[in-house]
Amino acid sequence: MDALRENFRCIRCGNSCRLIVKVSASDLKRISQAPHVKRTKFKMADYAEPDAFDPATGNHALRHVNGGCIFLGQGGTEATCKIYEDRPEICRLYPFIGDSALPCSALKTWQKS
Ligand code: SF4
């Protein structure tokens with residue numbers, strides 16, 4: 001697992017950005033200050049899925065638009081993140097969550113080579 005983590009390079013396929021992305025209160029605070037968001041004045045209802053708040057964890061889920069995260073963009077053939085510097089913690093960790101590696105196109109490619 002350590003070798004996987006060390007050698008992992010995101011290929012910006014955007015697949016993980018089409019999953020449900022759980023965000024904590026501190027993620028949301030950081031996102032609210034992101035330049036892309038600040039311009040429009042942060043409103044929770046604009047960026048969080050309605051009815052997805054989990055009172056047990058305090059987490060929200062980022063809103064989906066056209067089958068992907070509201071912050072997912074496209075730069076040529078690569079996926080881009082409109083809040084990359086301020087992206088949620090889970091986006092920084094993916095595909096390595098805890099002790100396991102989640103499904104990921106970059107990992108599949110690397111493991112085959
Ligand atoms: S916040 Fe950025 S990195 Fe995270 S899912 Fe959305 S577009 Fe992808």
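Two residues count as in contact here if their C-beta atoms, placed from the backbone, lie within 7 Å. Keep that in mind for this predicted model, where residues 24 or more positions apart account for 64% of the contacts with a separation of 6 or more.

**Overall build**

The protein has six helices and eight strands. Going along the sequence, their order is α-β-α-α-α-β-β-β-β-β-α-β-β-α. The radius of gyration is 15 Å, close to the 13 Å that the globule rule gives for 113 residues, so the protein is as compact as a globular protein of that length. The C-alpha trace spans about 45 × 35 × 20 Å along its principal axes. As for burial, 18% of the 113 residues are buried.

**Core and ligand**

In soluble globular proteins, nonpolar side chains tend to be buried together. Here the largest nonpolar core holds 13 residues, and L62, C69, F71, L72 and I83 are the ones that touch the most other members. Those names come up again around the ligand, whose surroundings are C17, V21, L62, C69, F71, L72, C81, I83, R87, P88 and C91. What does that shell look like by class? It has 10 nonpolar residues, no polar ones and one charged one.

F71 is worth a click in the viewer. Leaving aside neighbours within four places in sequence, F71 is in contact with C81, K82 and I83. C81 and I83 are also among the residues that surround the ligand.

How do β5 and β6 pair, parallel or antiparallel? Strand β5 (residues 72–75) and strand β6 (residues 78–81) run antiparallel, with four bridges between them. Q74 sits opposite A79 in β6. The two strands make a hairpin with two residues between them, and G76 in the turn has a positive phi of about 65°.

**Loops to look at**

Start with R18, in the loop between α1 (2–7) and β1 (22–23). R18 has 15 C-beta neighbours inside 10 Å, so it counts as partly exposed. Beyond its neighbours within four places in sequence, R18 is in contact with G67 and G68. L4 is another matter: R18 and L4 are 14 residues apart in sequence, and their C-alpha atoms are 23 Å apart in space.

Then there's G58, in the loop between α4 (44–47) and β2 (60–61). Its C-alpha atom is 8.7 Å from that of V23, although the two are 35 residues apart along the chain. Setting aside neighbours within four places in sequence, G58 is in contact with S24 and A25.

D51 is found in the loop between α4 and β2, and N66 is in the loop between β3 (64–65) and β4 (68–69). Neither is a glycine, yet phi is positive in D51, at about 70°, and in N66, near 50°.

Are G58, D51 and N66 buried or exposed?

| Residue | Other C-beta atoms within 10 Å | State |
|---|---|---|
| G58 | 11 | exposed |
| D51 | 6 | exposed |
| N66 | 8 | exposed |

P95 is in the loop between α5 (89–93) and β7 (96–97).

Notes:
Residues are numbered from 1 along each chain as its sequence is written. This is a predicted model: local features need pLDDT of at least 70, side-chain atom pairs count only at pLDDT 80 or more; totals for chains, interfaces and linings use all residues. A residue is near a molecule or strand if its C-beta atom, placed from the backbone, lies within 6 Å of it. Ala, Val, Leu, Ile, Met, Phe, Trp, Tyr, Cys and Pro count as nonpolar, Asp, Glu, Lys and Arg as charged, and the others, Gly among them, as polar. The radius of gyration is taken over C-alpha atoms; the globule rule is 2.2 Å times the number of residues to the power 0.38. A residue is buried if 20 or more other C-beta atoms lie within 10 Å of its own, exposed if 12 or fewer, and partly exposed in between; C-beta atoms are placed from the backbone. Two strands pair if DSSP finds at least two bridges between them. A nonpolar core is a set of buried Ala, Val, Leu, Ile, Met, Phe, Trp, Tyr and Cys residues joined through C-beta atoms within 7 Å.
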